[in-house]
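Please look over the sequence and the model that follow, and keep both in view while reading.

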Amino acid sequence: MIRLHLSCLHAAVLSATLAIQCVAFAGAQSTQMAETPPMGWNSWNHFAGRVTDADVRAAADAMVASGMRDAGYVYVNVDDTWQGQRDSKGYIHPNSRFPDMKALADYVHSKSLKFGIYSSPGPKTCAGFEGSYGHEEQDAQTYADWGVDFLKYDLCGLREIMHLYDPRQDPVRASTIMRDAYAKMHGALVKTGRPIVYSICQYGVDNVWEWGAQVGGNLWRTTDDISDSFRSMALIGFSQTGLEHYAKPGHWNDPDMLEIGNGGMNADEYRTQMSLWAMLPAPLLAGNDLSTMDDATKSILMNREVIAIDQDRLGIQGSRVGPLQLWVKPLSGGAKAVALFNFVTDDVPQPILLRLKDVGFQGPVHARDLWAHKDLGLLHDSYSVTPPKGGVVMLRLWE
Ligand code: GLA
């Protein structure tokens, strides 16, 4: 089939009809993937540029041993700094910290997990390693041959070729070049015939949520990098209001990875990240060292009742109700998840009043507290609760 042998960009050059077919095909491909927000682990937040093959194997081992895999975490993703040099034919090779990428992917697959990798549309990645510019089809095929199931494609390096991509000189042209670069790699991934989840990482520039799906993205970063502090996490997470319309099965807003277990926040604050990411619903990519995590971290990452909110098959993004941090997310079967966040800066936590009519219920509802793992019985008109400072109370309500 010609659609399988042409990238969308080539198709667009050849004919408008082919371009439409190609977009339809690409859309169908990406909708079959990431039907719910991808769950897994990524090396960057904890290991950054030090990550090794052994670290990734240990993460895969821990994902199984801890029960994370059975709770739904399946992607084991190597972020930046795995790349070595290209050979005389242009093929990319990993550096000495990753002796054999295919063997690593096989190891991850042997655990019934999936394997992810990272590159850039520029000549170099954010950390200055080899990017995919000019080698898109070759790299996509290499990834497919290795058994890659997920690609994070990070803008940074495109900024180095300012003669092409220069938003200060010509923002419209720069935007087109950027979008084409993302579409080009998507076409290359489709051409391999292997389903590879496509993660667009360009920090939300040019309202990526408006066009990310058109260039084949299954998820797109909506913000700058997260760091392991309440301030960073809360600013990013609570700023996702307004993007509800763009999240749907196959295509997700991505407010960056989890910091749970990395040590910069307390357990209440990490429960806030887990709850807020589930309400959005965001990809749940753990960013800690899985092989050394404590029981508190495990209980947050593996709260199956909260994971079920993130993975609800309707894929409707939650939204804030009123001026306080009261969030509601419609779920399949007519239920709703409600999260009451204590996002205050003063030391004395204040009660938050949940009025059932504010979250769309007329009569009494059953309620379950998803962090206390406790049924609350029937709620009639309202529920008043004081979440701990920086913390959250998360409920499932149904009639
Ligand atoms: C960017 C991305 C991060 C990470 C680094 C790697 O900053 O946003 O998530 O991938 O690059 O260099």
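At roughly what angle do the axes of helix α5 (residues 53-65) and helix α7 (residues 101-110) cross? In this predicted model, the two axes cross at roughly 10° and come within 10 Å. Since angles under 35 degrees count as roughly parallel, the crossing makes α5 roughly parallel to α7. On the side of α5, the contact is made by Asp-53, Val-56, Arg-57, Ala-60 and Asp-61, while α7 brings Ala-103, Leu-104, Tyr-107 and Val-108 to it. Sorted by class, the residues of this contact of α5 with α7 divide into six nonpolar and three charged, with no polar residue.

A second pair of helices can be read in the same way. Two packed helices are described by the angle between their axes and the distance between the axes. For helix α10 (residues 230-238) and helix α11 (residues 267-279), the axes cross at roughly 20° and come within 11 Å, and that makes α10 roughly parallel to α11. The crossing in which α10 passes α11 is left-handed. From α10 the contact takes in Phe-230, Met-233, Ile-236, Gly-237 and Phe-238, and from α11 it takes in Glu-269, Thr-272, Gln-273, Leu-276 and Trp-277. The contact of α10 with α11 has six nonpolar residues, three polar ones and one charged one.

Rolling a probe the size of a water molecule over the atoms shows where empty space is left. The model has two cavities of 30 Å³ or more, and the largest cavity has a volume of about 60 Å³. Among the residues that line the largest cavity are Asn-42, Phe-150, Lys-152, Cys-201, Arg-221, Asp-254 and Leu-285. Three elements, β6 (150-154), β7 (197-201) and β8 (219-221), each give two or more residues to this lining. By class, the lining of the largest cavity divides into five nonpolar, three polar and four charged residues.

The last stop is an open space, the second largest pocket, in which about 210 Å³ of space lies. The pocket is lined by 17 residues, and those closest to its centre are Trp-44, Asp-79, Lys-152, Asp-154 and Asp-225. Here the elements that give two or more residues to the lining are α4 (44-47) and β6. The lining of the second largest pocket has nine nonpolar residues, one polar residue and seven charged residues.

Notes:
Residues numbered from 1 in each chain as written. Predicted model: local features only at pLDDT ≥ 70, side-chain atom pairs only at ≥ 80, totals over all residues. Heavy atoms only, no water. 1 Å grid on protein atoms, 1.4 Å probe; cavity = no way out; pocket = protein on both sides within 12 Å on 5 of 7 lines; lining within 4 Å. Points joined across faces, edges and corners; volume = space filled by probe spheres on them. Helix = DSSP H or I, 4+ residues; strand = E, 2+ residues; numbered from the N terminus. Nonpolar A, V, L, I, M, F, W, Y, C, P; charged D, E, K, R; others polar. Axes fitted to C-alpha atoms, helices over the stretch in contact; angles between N-to-C directions. Parallel < 35°, antiparallel > 145°, perpendicular 65-115°, else oblique. Left-handed = near helix turned anticlockwise from the far one by under 90°. Contact = heavy atoms within 4.5 Å.
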